[in-house]
Amino acid sequence: MSESPGRASSRPGLSLFCEVTVSERVLEFEEALAEVLRHAGAVAKPAREQEPIALKDALGRVLAEPVRTERDQPPFARSTRDGFAVRSADIAEKQPLRIMGLVRAGEVWRGSPVRDCEAVEIMTGAPMPNGADAVLMVEHTEIATDGLLRVLGGRTLQPGENVVPRGAEARAGVEVIPAGRRVGPAEIALAASCGYAQLEVFDRAKVAIVATGDELVGLDTKPEPWQIYNSNSYALKAMVTEAGGLGGRLEIARDRREDLIDRIAQGSMWDLLILSGGVSMGKYDLVEEVLREYGAEFFFTGAWIQPGKPIVFGKLPKHGIVGHRLDAPWTGEWTYFFGLPGNPVSTEVCFRLFVAPLLRGLCGQSEIAPRFVEALLAEDVKGSMRVTRFLPAVLEGDWKQVSVRVVPWQGSGDLAANARANAFVVLPSGIEQFHAGESVRVLLR
Ligand code: AMP
Ligand code: MG
């Protein structure tokens, strides 16, 4: 039987906790993010399983193969205006022009090429008639009673004006969307314009979600006054879906070693395991200990952020499951895990900052880092000398000026305040006071 690395003994037992040397590694926010991005970048490269999917169902999936043009784009020189196809040089010198006929989108001009002092009426999206090199906008013309076309207000026309030449957007056969791109509406539009009815996409990473806590009940249970609903599993599953993964909620783990071992063993067979709760300093916060006992390797055991400081990140040996026993054989593979603090706002902040980038990497995506925008603080806010703060906030204003206002809250358990926010304002550590009007970073939801 292969023995997993880091396992001091194959037999579990509480006494084992004493044998494990605990090395804490609490990182600054930037370091923790860099650590996650390093792993996310590395897992994005290996070949993943892929499957074909109908274009209409491809939103949110990640391309396993690039999209290439079928033909030159546009496939013909295209008028971008309703007006008249003409020889641009004529406009300055040779008016009025004779109108030879009309060409509309979906047709091709079958008359003779446009010559001096001639014009062909043309609609947006129609192919240019031979001989013409520009399109005069209909708004800039008038047709006199003699039926001849005149240009208004002494306008001139440049060669190529209001025309997109054949192949100007892309030549036939070139890559227009690289593999690794998440498919959004723009990618769907482009793929459709290249004739793709289906795309090759990566399989989604499968994410096991485990909520831990004696106080938690499922939504099918009426809670006692001292119990609370397990909201984190639902929030995590939603965020997993949003990041491009496939989430599965495992049974709640009680704050007992046996339960945690069982869920960790199950979770180790998935692509990623997310645990919520049980990573703080409380007497029943056993997650980190049990992970260590299980042979986990930790990349960090905390980050100087608020909320979310107790977050842990590492990898677990995958054990073949034999009735969920700890001494089942090691498969030789690893599964990444995160242990997130259970307070729901901490859970969300940690997911957006750290879990989502890794998950995007596991899904084969090439753009993995969280995205921040800049906005002006609407009011003064207290920072912290030690931690980088991520506070629920409302990004508001119009297109000229965007400001951000921190939402009043009761701390990182306040889901009502969290739901009034549409972003998180970032207050870097080492600054005691941020002032109204200052420019700050904002993490979008
Ligand atoms: P913990 O991180 O386990 O110390 O939990 C911190 C706080 O988050 C406690 O008030 C818990 O009751 C709460 N909490 C933990 N897990 C969940 C969950 N799955 N859903 C909602 N709240 C939770
Ligand atoms: Mg707990």
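Colleague: Why is Ala47 called exposed?

Modeller: Exposed means over 50% relative accessible area, buried means under 20%, and partly exposed is what falls in between, using a 1.4 Å probe and protein chains only. Ala47 has a relative accessible area of 81%, so it counts as exposed. You'll find Ala47 in the loop between α2 and β2 (50-54). For a sense of scale, Ala47 and Gln401 are 354 residues apart in sequence and 44 Å apart in space, C-alpha to C-alpha.

Colleague: Before we go on, what am I looking at?

Modeller: This is a predicted model, where local features need pLDDT of at least 70 and side-chain atom pairs count only at pLDDT 80 or more, while totals for chains, interfaces and linings use all residues; side-chain values use heavy atoms, with hydrogens and water left out. Residues are numbered from 1 along each chain as its sequence is written, and chains are lettered from A and ligands numbered from 1 in the order in which they are written.

Colleague: What makes Cys117 partly exposed?

Modeller: Its relative accessibility is 29%, so Cys117 lands in that middle class. Cys117 belongs to the loop between β6 and β7 (118-122). Its phi is near 65°, a positive value in a residue other than glycine.

Colleague: And why does Asn162 count as buried?

Modeller: Asn162 comes out at 14% relative accessibility, which is why it counts as buried. Asn162 also has a positive phi, about 65°, although it is not a glycine. Its loop runs between β10 (149-151) and β11 (163-164).

Colleague: Why is Gly167 called buried?

Modeller: Because its relative accessibility is 10%. Gly167 is in the loop between β11 and β12 (175-177). From Gly167 to Gln266 there are 99 residues in sequence and 53 Å in space, C-alpha to C-alpha.

Colleague: How many helices and strands does the chain have?

Modeller: The protein chain has 9 helices and 30 strands. Both are DSSP runs numbered from the N terminus: helices are H or I over at least four residues, strands are E over at least two.

Colleague: What makes you say the chain is more spread out than a compact globule?

Modeller: The globule rule is 2.2 Å times the number of residues to the power 0.38, and the radius of gyration is taken over C-alpha atoms. For 445 residues the rule gives 22 Å, but the chain comes out at 31 Å, well over that, so it is more spread out than a compact globule. The C-alpha trace spans about 100 × 55 × 40 Å along its principal axes. Even then, 47% of the 445 residues count as buried.

Colleague: How do you know that the length of helix α2 agrees with what it should span?

Modeller: The expected span is 1.5 Å times one less than the number of residues. For the 15 residues of α2 (residues 29-43) that is 21 Å, and the end C-alpha atoms are 21 Å apart, so the two agree. Buried residues of α2 include Phe29, Leu33, Val36 and Ala40. In general, an α-helix has 3.6 residues a turn, so residues three or four places apart point the same way.

Colleague: Which residues are closest to ligand 1?

Modeller: Glu215, Asn230, Gly278, Gly342 and Asn343 are the closest of the 17 residues that surround ligand 1. To be near it, a residue needs a heavy atom within 4 Å.

Colleague: What makes something a polar contact there?

Modeller: A pair of N or O atoms within 3.5 Å; within protein, one must be able to donate a hydrogen and the other to accept it, and residues adjacent in sequence count only if both atoms are side-chain atoms. A polar side-chain atom of Glu215 sits 2.5 Å from an oxygen atom of ligand 1. The side chain of Asn230 has an N or O atom 2.9 Å from a nitrogen atom of the ligand.

Colleague: What about Ser412 and Asn343?

Modeller: Their side chains are joined by a polar contact of 3.4 Å. Ser412 is buried, since its relative accessible area is 16%, and it lies in the loop between β27 (402-406) and α9 (415-420).

Colleague: Which peptide bonds are cis?

Modeller: One joins Gln95 and Pro96, with omega about -10°. Another runs from Gln306 to Pro307, with omega near 0°.
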